[in-house]
Amino acid sequence: MEEKNTKTARKVYIIYLLYLIAGVVLLLRLIQIQLTYEPNPKLNKYFHPKIRKEILNPDRGAILSHDGRLLAMSLPFYQVYMDCTVMKGSYAEDKKNGAQKEALWMSKADTLSRELAALYGDHSAKWYYELIKNGRENGRQYVKIGHIIDYDTRKKVKSFHLFNEPSNKGGYIEEVIDTRQYPYGSLARRTIGYVKNNRESNNIGLEGKFDYWLHGTDGYFWTKITDGNKKIQDFDSTSRAPMRGYDLRTTINIDIQDIADKAMRNSMNLNPNIYGGCMVIMEVETGAIRAMVNLLRDDKTGHLGESINFAVTKAGEPGSVFKSTTLMSLLEDGFVTIDQEIPNNGGQVPGYEKRFGVDRYITNYERRSDKKTIPIRHALEISSNYAFRYLALKYYGSEPKKMIEKLYRYKLGDEPMVFDIGGLASPVLPNPENKKYWSDTDLPSVAIGYTVKETPLHILTFYNAIANGGRMMKPYLVESIERGVTVEKQFYPTVLNGSICSRRVADTLRSALRGVVANPRGTGHNVFFDAKLPVAGKTGTAQMVIEKKFAPGGKPVREVNGKRQYQATFVGFFPYDKPKYSIISTMYTVPVAVSDAVYGGNNPARAIREVVDRLYAMDPTFRSEVRKTGHVPTLEDIKQADTLAITKQIDENDRGNTE
Amino acid sequence: MKYVKKFFSALIGGFKAILMGQLLLKLKIERFFIHILYTFLMFWLAILCSMMVQNTLVEIEKNKAIISEMKIYHAQKTLQLVKMGRLETVEQQLSRRGSKVASPEKPAVTIEQ
């Protein structure tokens, strides 16, 4: 018994010794690993925990209209790919049922192809089937399926055969793509700007100018893999949440923009010779831009699209709309009064008979009125070139610098004006002190809007000041920069010049501009005489220097093969008695025969007329109020939700009132 | 010298005890047996908690993905609604459906408050 116990103890002791030796070896190995072990660089990654830095892209801030409606927002879209090789290997290894399973997979792929063809509509079912089949044969693991799709479509795609199975069996792979969406389509697109996503930026519109605010800040965190092979955030490492970009609240009223856009399209489509045009609507009191339309006709399709910001970037000779600046200077300097009569001189400027020829408006006037003089007011109404050339030469001929300096005061000079979107062209004015380039015809030309270059926005800003009693407001497009309910930065109306002219002169000009529309001989009368709101404004038609793309050899000429290029403008404000909005519409033609010329009082005025009539009906400003004198029915003991009972009682009350 | 001798004698004794498998008995570890069990329990609990935390974090990741999907869904619907709210679209829809409702031709008359 004792011998047996000794034998057992010896066996246990040997086992113990083996464990002890193994323990010592393990201990030594641990020490060696900790102090001296260097793993193979290729295997190194397997000896470290799998942690990875994930970058979180911020959401780009939204662009909002004046009343908070979304003009631009970010939205993820999806691009679907397919791993065509899934299960192929395991089916090949399965000698018993592999072939059958492979056939079943391919039949599902066939159904999937039909579903994809029906949804995307870009290729046939056969094409999709061949794509998957070839992909499977050639071991392609990332085959692009269709184009990018939105969330709803992606849900449908995920319900298709194979794609509704786990991705290691069906091969479904998706890539989330950040996209920028513009719910109102092309409306104000050139003003709002355009970016594909938050990674790229450009200099177009508000998207470009305010990219710094809209972009937001990247975030990051570290991930690690759990024992169950799941990816989780590693909270032992640092992390930073992404900061969403700021929202931009603009001054744009999207309903007014819609109306203006439609009016411009309607008017421009009346004449295919008009290749481009713009319309800007500004709030008189503040300078807030409520709508900015820019349309360019596609050479091939004739479609009008927002691709050039004419209102801001195109500085051209404004033509007769510039006569108001001359008149303002004359009135402000006290040289003339609005009803003062000037000699007709047969429509010829003394000393410039050959250069400027005969003003037909004056000879027609003479014939009509049998008078040898014309009131300045009427000269403006009929837009006489002679009258304004004559007046400029008479009163500023000896001192042209005085008149040019006035234009600088009206902010029509070449000093840059800060604006909320990039690319605002600077005006160009001739300088009387530069004798090399100044000629004796420059002053009378400037007086009628030639040899100067102004953007439609500059002209509108000037007319807005007339409507605003001489107070010139800076045009602006951005009201505030916000995040959630917090306003980070507020932009207020800014005065560019508190008084470009006296209140008296502004009122005189307003009444004179009303005459352009109200007087039956006025150039704006035909379009506006029965407008729903009283409009005041000025027409202007300028023969442009033929643009390079239309001129042979790109030479600056005013006529090619008897054809001329026109810039037609109507600019004004409404309602005349209490101006709420100022508005400009400019249209540009391709070179056309004189008989096909487009005039400011025609297509541009028609577009404005449509806007005026529609705004009259829709803008709350123009609503009238009635006194509360009628009988108001009492709705008693009726549950709020019981609308039928309420209607019945109202009907009964109505009957009672009529009886 | 005395202490050195004592130290080496303890070291040799300890080594012999390890070889004989009697080290723990010599150290009278049985007195601390309950503490050892408690320590093991603590280790087990720590591992269990760590695994539970990991499971919770996995759940959080799943929820994050769901919330992200819901946000995208919400944004998608918002986009669709805004598109439908465009003045011209509303007018076209009304006209297509033969509705008598159209854009106003004169301003609304409000009742004085």
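I began with the layout and noted that chain A is divided into domain 1 (46-69 + 183-250), domain 2 (77-179) and domain 3 (254-654), with bounds that come from an automatic or database domain assignment. This is a predicted model, in which local features need pLDDT of at least 70 and side-chain atom pairs count only at pLDDT 80 or more, while totals for chains, interfaces and linings use all residues. Residues are numbered from 1 along each chain as its sequence is written, and chains are lettered from A and ligands numbered from 1 in the order in which they are written.

**Domains 1 and 3 of chain A**

I looked up the separation of domain 1 and domain 3 of chain A, and their C-alpha centres lie 42 Å apart. I then found 21 residues of domain 1 in contact with 22 residues of domain 3, where contact means that the C-beta atoms, placed from the backbone, lie within 7 Å. On the domain 1 side, α7 (189-192), α8 (205-209) and β8 (247-250) of chain A each give two or more residues; helices (H or I, at least four residues) and strands (E, at least two) are DSSP runs, numbered from the N terminus.

**Cores**

Next I asked which residues have the most contacts inside the largest nonpolar core. That core has 124 residues, and the residues in question are A:Leu71, A:Leu248, A:Ala260, A:Met279, A:Val280, A:Ile281 and A:Val611. A nonpolar core is a set of buried Ala, Val, Leu, Ile, Met, Phe, Trp, Tyr and Cys residues joined through C-beta atoms within 7 Å, and a residue is buried if 20 or more other C-beta atoms lie within 10 Å of its own. I noted that domain 1 and domain 3 of chain A each supply at least three residues to this core. A second, separate core of 18 residues includes A:Cys84, A:Leu112, A:Ile132 and A:Ile149.

**Chain A against chain B**

I recorded 33 residues of chain A in contact with 27 residues of chain B. On the chain A side, β3(A) provides the largest share, four residues. I also saw that β22(A) pairs with strand β1 (residues 109-111) of chain B in the parallel sense over three bridges, pairing being called when DSSP finds at least two bridges between two strands. Within that pairing, A:Ser624 has B:Val109 as its bridge partner.

Last, I checked how many residues of α19(A) are buried, and twelve of its twelve residues are. After α19(A) comes A:Gly469, whose phi is positive, near 75°.

Note on methods: Contact = placed C-beta atoms within 7 Å.
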